[in-house]
Structure formats: C-alpha cells, structure tokens
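Please consult the sequence and structure below while reading.

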Amino acid sequence: QVQLVESGGGLVQSGGSLSLSCAALRITFSLYVLGWYRQAPGKQRELVATIRSSGTTTYADSVKGRFTISRDNVKNTVDLKMNNLKPEDTAVYYCNADPVAEAPRGFREAWGQGTLVTVSS
C-alpha cells in the first residue's frame with residue numbers, strides 16, 4: 001500500500017553535485033522517520049542519512065559535510081543533496097520510511113525501488 005518513489009539518480013564526475021528526491025504516497029508522513037540508504041554492487045545496504053518530522057538529522061560519517069537531507073512535510077517528499085561526490089559514493093540509493101515508536105503497531109517500514117548514482121573518477 002505505502003509507496004516511495006525515488007528520482008534524480010544519474011552519472012556525475014568526481015567533485016560534482018547531484019540531488020535525489022523521494023515522494024511518499026499513501027503514508028501518514030509525520031509518523032515516519034525518513035532516510036536514505038545506499039548499496040554498492042556486492043555490498044550490504046548502509047545508512048546515509050535520516051531526518052525526523054521535527055527536522056532532526058543523522059548522517060553517516062562518510063558523508064558528513066558533503067550530503068544534506070531535508071523533508072517537506074506538506075508535499076510529503078524527502079530530498080538528499082549530495083556535494084563533492086566521490087567514486088566511493090557510487091551505489092543504488094534507496095528512500096526509506098521507518099515508523100516512529102508512537103505510531104500504530106500496524107505501521108510497517110517501507111522502501112523505494114532505488115535510483116542509481118554513478119560517480120566517475
């Protein structure tokens with residue numbers, strides 16, 4: 001039922017910038033922590049950044065100072081602005097919605113289909 005749709009992936013040169021966006025459909029937006037994860041070929045999925053409804057954020061050490069996560073609680077979107085991209089940032093990026101502790105127990109975590117970001121060296 002819940003649907004997350006990512007967009008904005010593509011090819012960029014090392015040192016360049018790229019912005020990703022995720023639209024959440026059929027979701028009580030305020031009851032979810034929104035996040036971005038990424039997975040490189042042959043590797044496990046890892047956390048990139050999260051943001052709560054209040055605006056509180058967390059970032060992986062590898063992207064601190066380079067990536068910025070934001071959310072629009074009116075449009076039900078979450079964005080990831082990526083600056084100074086490096087080849088090691090190459091991965092499929094996934095949008096994630098994780099119910100907060102106070103959400104109804106029937107609420108479940110949701111994932112987008114993923115969008116590929118390729119950074120050339």
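A charge is said to sit over a ring if NZ of Lys or CZ of Arg is within 6 Å of the ring centre and within 35 degrees of the ring normal. By that criterion, the charged end of Arg-45 sits over the ring of Trp-111, 4.6 Å from its centre. Arg-45 also lies over the face of Tyr-94, at 3.7 Å from the ring centre.

The model is predicted, and local features need pLDDT of at least 70, side-chain atom pairs count only at pLDDT 80 or more, while totals for chains, interfaces and linings use all residues. Residues are numbered from 1 along each chain as its sequence is written, and side-chain values use heavy atoms, with hydrogens and water left out.

**Aromatic pairs**

Rings of Phe, Tyr and Trp (its six-membered ring) pair if their centres lie within 6.5 Å; planes under 30 degrees apart count as stacked, over 60 as edge-to-face and the rest as tilted. A search of the whole structure finds 2 aromatic pairs, listed here.

| Pair | Centre to centre | Angle between planes | Class |
|---|---|---|---|
| Tyr-32 and Phe-107 | 5.8 Å | 15° | stacked |
| Tyr-37 and Trp-111 | 5.0 Å | 65° | edge-to-face |

Strands are DSSP runs (E, at least two residues), numbered from the N terminus. The pair of Tyr-32 and Phe-107 links distant parts of the chain, with Tyr-32 in strand S4 and Phe-107, 75 residues apart from it, in the loop between strand S9 (91-99) and strand S10 (110-111). Because Tyr-37 lies in strand S4 and Trp-111 in strand S10, their pair ties together parts that are 74 residues apart in sequence.

For accessibility, buried means under 20% relative accessible area, exposed over 50%, and partly exposed in between (1.4 Å probe, protein chains only). Tyr-32 is buried at 4%, whereas Phe-107 is partly exposed at 26%. Trp-111 is likewise partly exposed, with a relative accessible area of 33%.

**Hairpins**

Two strands pair if DSSP finds at least two bridges between them. Strand S4 (residues 32-39) and strand S5 (residues 46-51) are antiparallel and share 5 bridges. Their hairpin has 6 residues between the strands, and Gly-42 there takes a positive phi near 80°. S5 is also joined to strand S6 (residues 57-59) by 3 bridges, again in the antiparallel sense. In the hairpin of S5 and S6, with 5 residues between the strands, Gly-55 has a positive phi near 105°. Thr-50 in S5 stands opposite Gly-35, and its bridge partner in S6 is Thr-58.

An open sheet of 4 strands has the order S1-S3-S8-S7, with antiparallel pairing. Strand S1 (3-7) and strand S7 (67-72) stand at the edges with a single partner strand each, so one side of each is left without a neighbour in the sheet. S7 and S8 are joined by 6 bridges, and Arg-71 has Val-78 in S8 as its bridge partner.

Asp-79 belongs to strand S8 (residues 77-82) and is partly exposed, at 30% relative accessibility. Contact means heavy atoms within 4.5 Å. Leaving aside neighbours within four places in sequence, the contacts of Asp-79 include Leu-20, Cys-22, Trp-36 and Ile-69. A polar contact is a pair of N or O atoms within 3.5 Å; within protein, one must be able to donate a hydrogen and the other to accept it, and residues adjacent in sequence count only if both atoms are side-chain atoms. The side chain of Asp-79 makes such a contact with the side chain of Ser-21, at 2.9 Å.
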